[in-house]
Amino acid sequence: MKFSVIVPTYNRISSLKRTLEALFRQTYTDAEIIVVDDGSTDGTRVMLVELASAKKIRYIRQENRGPAAARNAGAKIAGGDYIVFTDDDCVVPADWLDGFARTFRSHN
């Protein structure tokens, strides 16, 4: 089971770095991370292009339309069996995706 983790972001490079570090530490590894930049002007784009080039994330940039539009843009390209969302100021625990996987396996 593959997860698509979608993170909308807008001008929060510092907190986004912490969010992505937490996602990179996930113990469940069958996941893609999709970051949708909602028109940031604070250097977010440069960081995300580098991470996308290194194949650590999938990256979309859009004109500023708000977090709902960013989530929808990410969902459109998601390749996982399940889509999960987190925000650019959240630091999820290392077993976050494992918890989802256990729940889905135990409840079909």
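**A loop, a strand and its partners**

Start at Asn 11, which is found in the loop between β1 and α1. (Helices are DSSP runs of H or I with at least four residues, strands are runs of E with at least two, and both are numbered from the N terminus.) This is a predicted model, where local features need pLDDT of at least 70, side-chain atom pairs count only at pLDDT 80 or more, and totals for chains, interfaces and linings use all residues. Residues are numbered from 1 along each chain as its sequence is written, and side-chain values use heavy atoms, with hydrogens and water left out.

Asn 11 isn't a glycine, yet it has a positive phi of about 55°. Asn 11 is partly exposed, with a relative accessible area of 29%; buried means under 20%, exposed over 50%, and partly exposed in between, using a 1.4 Å probe and protein chains only.

Now step back to strand β1, residues 3–9, where seven of the seven residues are buried. Phe 3, Val 5, Val 7 and Thr 9 point one way, while Ser 4, Ile 6 and Pro 8 point the other way.

Who sits beside β1? Strand β2 (residues 31–37) runs parallel to β1, joined by seven bridges; strands pair if DSSP finds at least two bridges between them. Ser 4, for instance, has Glu 32 in β2 as its bridge partner. Strand β4 (residues 82–85) also pairs with β1 in the parallel sense, over four bridges, and there Phe 3 partners Tyr 82.
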